[in-house]
Amino acid sequence: MRKILIAFVAALVLFSCGQSYEETKRITRAQRLKMMREDSAALKVAVLPTLDCLPVFLAKDHQMFDTVVDIRLKQFTAQMDIDTALMNKRVEIGVTDLVRAERMMKLGDSLRYLTATNAYWQLVTNRGARITDLKHLDDKMLAMTRYSATDLLGDLAVDSAKLKSERVFRIQVNDVHIRLKMLENNEMDALLLTEPQATAARLLKHKVILDSRKLDVHLGAFVAQGKGMDDAKRQQQLKVFIDGYNQACDSLNKYGLGSYRALIRKYCQAKDATVAALPKDLKFTRMTPPREKDIERARKWLK
């Protein structure tokens, strides 16, 4: 009788555990589906750890986006990954540059420009490579990303120095952190960097031999999906995003980068010295479409 009772209790415990496991799986599956539905309904914004995304970081962290609307940041470290997210409709908005945006549209993706950004790129050369002029890029390695602002600017550098294109070896390095690390480790002769990575490179005494601002070339932008954004909910989300972005730009211009050092460290993984050395005169423009001449430059280069 004792053995029968023990067996009965053991079976009961085992059955209870089985129920608990199945119930846990069911709840986990339900939670997962709920999270997927919520993420699908949210306005998702793809960002890079670069300073042109600072208004978005600020608006998100300081609740400048109306909290009634669900706006989620999707963080990437390479432009190509943002391209993929945009093309596969996994995000509604993404930071990019005009070259990449025009190429995606040329390939059939429905995108529209939300705003230009203050992004600029500097061609930084390894101090150990003794490159002090564009003509010294001959027989050197230049890190960039294909079909992007860095690719276009690389061509401008080569053309202005009257070098043979095949004599400057373009090395595709997509991740912005890896690109900077390759400079720190003396693995690359020259790189095209935006902020705050450009400031980090300058602090290490690497030389800047080209600045896109001096060429009057402005290629940074945010784009939005051209399709699936017409319903009332998406339009409300978009309005909240634009209002929050503009408010963040006003705040950055009023109080300066110094007031948001912790935010830059958090999202850009920048060191204290880099944050402190960022240009003090950097301004952020409210939502403004890219200049037509910059769009045309990107289109012409792609041809």
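Is E92 buried or exposed? E92 is buried, with a relative accessible area of 7%. Buried means under 20% relative accessible area, exposed over 50%, and partly exposed in between (1.4 Å probe, protein chains only).

The model is predicted: local features need pLDDT of at least 70, side-chain atom pairs count only at pLDDT 80 or more, and totals for chains, interfaces and linings use all residues. Residues are numbered from 1 along each chain as its sequence is written, and side-chain values use heavy atoms, with hydrogens and water left out.

**View 1. E92 and its polar partner R234.** E92 sits in the loop between α3 and β3. Helices (H or I, at least four residues) and strands (E, at least two) are DSSP runs, numbered from the N terminus. The side chains of E92 and R234 make a polar contact at 3.4 Å. A polar contact is a pair of N or O atoms within 3.5 Å; within protein, one must be able to donate a hydrogen and the other to accept it, and residues adjacent in sequence count only if both atoms are side-chain atoms. Neighbours within four places in sequence aside, E92 is in contact with A42, L43, K44, V223, A224, Q225, M229 and R234. Contact means heavy atoms within 4.5 Å.

**View 2. Helix α4 and its surroundings.** Helix α4 spans residues 98-106. Its buried residues are L98, V99, R100, A101, E102 and M104. They pack against α3 (79-87), β3 (93-97), β4 (111-116), α5 (149-160), β10 (220-225) and α11 (292-302). D97 caps the N-terminal end: a side-chain oxygen lies 3.0 Å from the backbone nitrogen of V99. Just after α4, G108 takes a positive phi of about 110°.

**View 3. An aromatic cluster of F65, F222, F241 and Y245.** Rings of Phe, Tyr and Trp (its six-membered ring) pair if their centres lie within 6.5 Å; planes under 30 degrees apart count as stacked, over 60 as edge-to-face and the rest as tilted. The count comes to 4 aromatic pairs. F65 and F241 are stacked, 5.5 Å centre to centre with 20° between the planes. F65 lies in the loop between α2 (54-61) and β2 (71-75) and F241 in helix α8 (residues 232-255), so this pair ties together parts that are 176 residues apart in sequence. F65 is buried at 5% relative accessible area, and F241 is buried at 0%. F222 and Y245 pair edge-to-face, 6.0 Å centre to centre with 80° between the planes. F222 belongs to strand β10 and Y245 to helix α8, so the pair ties together parts that are 23 residues apart in sequence. Relative accessibility is 0% for F222 and 2% for Y245.

**View 4. Arginines over tyrosine rings.** The charged end of R103 sits over the ring of Y147, 3.8 Å from its centre. R213 lies over the face of Y120, 3.6 Å from the ring centre. The criterion: NZ of Lys or CZ of Arg within 6 Å of the ring centre and within 35 degrees of the ring normal.

**View 5. The largest nonpolar core.** A nonpolar core is a set of buried Ala, Val, Leu, Ile, Met, Phe, Trp, Tyr and Cys residues joined through side-chain atoms within 4.5 Å. Of the 80 residues in this one, L123, L137 and F241 touch the most other members. Helix α8 supplies the largest share, 7 residues. Another core, of 12 residues, lies apart from it, with M182, M188, L191 and A201 among them.
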